[in-house]
Amino acid sequence: MIKTILLNSRPEGKPSVSNFEFKTEDIELTIKEGELLLETEYVSVDPYLRGRMSNAKSYVPPFELNQPVQSGIIAKVISSKNDNFKEGDYVSGMLSWKTQQVSNGEGLNKVDPSKAPLSAYLGILGMTGLTAYCGLTEIGQPKKGETLVVSGAAGAVGSVVGQIGKILGLRVIGIAGSDEKIELLKSKFGFDAGINYNTTKDMTAAIAEAAPNGVDIYFDNVGGPISDAVLVNINRLARIIVCGAISVYNNTEAPKSLSVQPFLVKNSALMQGFIVSNYAEKFPEAMTQLTSWLAEGKLTYSETIVEGFDNIPQAFIDLFEGKNKGKMVVKI
Ligand SMILES: NC(=O)c1ccc[n+]([C@@H]2O[C@H](COP(=O)([O-])OP(=O)(O)OC[C@H]3O[C@@H](n4cnc5c(N)ncnc54)[C@H](OP(=O)(O)O)[C@@H]3O)[C@@H](O)[C@H]2O)c1
């Protein structure tokens with residue numbers, strides 16, 4: 001029995017479970033020479049998938065309707081006719097939302113469950129960790145003693161960014177959506193201060209208070225009014241790392257936001273968007289660094305693990321409600 005989740009319709013505004021179709025087939029998959037049969041173990045749900053569900057032009061093509069959704073997946077090799085993989089190996093790669101599938105091995109990387117829990121390869125030792133490390137170090141150019149503000153701070157990328165900021169000697173302020181998350185930022189991830197944007201009336205004033213020396217680096221995961229309030233507080237030569245804009249991903253109308261140019265001009269500030277794959281050459285360095293910080297106990301991580309293949313779409317939707325702390329992963 002093989003289960004598949006397809007994109008049934010393109011979401012308008014916030015996605016709903018009805019945008020997805022659940023298919024069950026009573027078939028047995030077979031493999032040819034060069035192929036391997038994979039069984040899905042963990043599925044990553046990520047905010048950027050929302051972009052691929054729309055028909056808009058982007059850096060990756062949109063998902064096709066009535067085809068399986070794809071995301072980062074950890075799978076076990078059930079059988080193999082490919083010399084690079086053997087039965088019992090675990091692999092990570094961009095795979096389909098299916099309980100089992102056939103692959104030719106292209107784009108798959110082996111992962112070692114004896115070195116880290118399998119789910120970590122979708123988070124801190126996967127795209128999340130690489131995004132945090134490469135964005136902060138390459139665009140942020142952090143210098144000891146500077147002030148870093150992170151939005152989406154209790155999420156997968158944000159919680160890693162803040163910790164790397166602390167390792168590099170920065171004052172780190174996190175913005176997140178609940179008091180529980182703010183507490184987590186300070187107690188588990190070592191942030192110096194946190195601001196709950198859902199209960200703070202004047203975000204500009206709150207950021208100014210938390211960052212008395214101004215903001216040198218802003219790691220932006222959310223965009224919208226939260227980011228406007230940070231921009232008003234930037235210092236001369238500030239670096240604004242535009243990683244994502246989850247607060248506007250479900251917008252059906254053009255968002256109203258601050259005109260950023262005057263703030264950039266008067267502060268000679270840099271604002272740069274990026275896609276993690278831009279820094280592929282830096283991945284080996286990033287992996288070595290993240291792995292050793294983890295081993296030394298300088299870096300930690302949180303995961304929200306949802307159980308069950310059928311719950312993948314809801315777990316994805318829940319990202320937009322902030323139901324995750326750290327990386328949202330589905331265990332099959
Ligand atoms: N550029 C790249 O290559 C790259 C790679 C990975 C991720 N990203 C981007 O990085 C950002 C974070 O991704 P992630 O995987 O780490 O997700 P995540 O932060 O683990 O999950 C999303 C979080 O966003 C917050 N959020 C949801 N709606 C919001 C809103 N309207 N306003 C403010 N915050 C909101 C929620 O936390 P609260 O409870 O705090 O609201 C939620 O937990 C996303 O924008 C994503 O697209 C970019």
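1. Asn66 first. Its relative accessibility is 46%, so Asn66 counts as partly exposed. The cut-offs matter here: buried means under 20%, exposed means over 50%, and partly exposed lies in between. Asn66 sits in the loop between helix H1 (49-53) and strand E4 (70-80). Its phi is positive, about 65°, although Asn66 is not a glycine. Most residues other than glycine have a negative phi. Bear in mind throughout that this is a predicted model.

2. Leu237 also deserves a look. Leu237 is not a glycine, yet has a positive phi of about 65°. Leu237 belongs to a strand, E12 (residues 234-242). With a relative accessible area of 44%, Leu237 is partly exposed.

3. Now the ligand. Which residues come nearest to the ligand? They are Lys181, Tyr197, Tyr249, Val276 and Asn324, out of 28 residues around the ligand. By class, the shell holds 18 nonpolar residues, 9 polar ones and 1 charged.

4. A polar side-chain atom of Tyr249 is 2.7 Å from a ligand oxygen. A polar backbone atom of Val157 lies 2.8 Å from an oxygen atom of the ligand. For Ala245, a polar backbone atom and a ligand oxygen are 3.4 Å apart. How much of the ligand's accessible area does the protein cover? On its own the ligand has 910 Å² of accessible area, and the protein covers 91% of that.

5. Where does the shell come from in the fold? Both domain 1 (2-123 + 302-331) and domain 2 (127-277) contribute at least three residues each to the shell around the ligand. Two helices also feature: H2 (127-139) and H3 (156-167) each supply at least two shell residues.

6. Aromatic pairs are next. The whole structure contains 6 of them. In one, Phe219 and Phe274 have ring centres 6.4 Å apart and planes at 80°, so the pair is edge-to-face. The cut-off for that class is planes over 60 degrees apart.

7. Are Phe219 and Phe274 buried or exposed? Phe219 is at 0% relative accessibility and therefore counts as buried. Phe274 has a relative accessible area of 6%, so Phe274 is buried too.

8. Phe274 has another ring partner, Tyr279. Here the centres are 6.0 Å apart and the planes make an angle of 50°, a tilted pair. Tyr279 is buried, as is Phe274.

9. Which residues make it up? Phe20, Trp97, Phe316 and Phe320 are linked into a cluster by ring pairs.

10. Last, helix H6 (residues 224-231). How many of its residues are buried? The count is 7 of 8, and the helix is mostly covered. The buried residues in H6 are Gly224, Ile226, Ser227, Asp228, Ala229, Val230 and Leu231.

Definitions and conventions:
Residues numbered from 1 in each chain as written. Predicted model: local features only at pLDDT ≥ 70, side-chain atom pairs only at ≥ 80, totals over all residues. Heavy atoms only, no water. Near = heavy atom within 4 Å. Polar contact = N/O pair within 3.5 Å; in protein donor to acceptor, adjacent residues only side chain to side chain. Areas by Shrake-Rupley, 256 points an atom, 1.4 Å probe, with all protein chains shown as cover. Helix = DSSP H or I, 4+ residues; strand = E, 2+ residues; numbered from the N terminus. Nonpolar A, V, L, I, M, F, W, Y, C, P; charged D, E, K, R; others polar. Domains from an automatic or database assignment. Phe/Tyr/Trp six-rings, centres within 6.5 Å; stacked < 30°, edge-to-face > 60°. Buried < 20%, exposed > 50% of the residue type's maximum accessible area, 1.4 Å probe, protein only.
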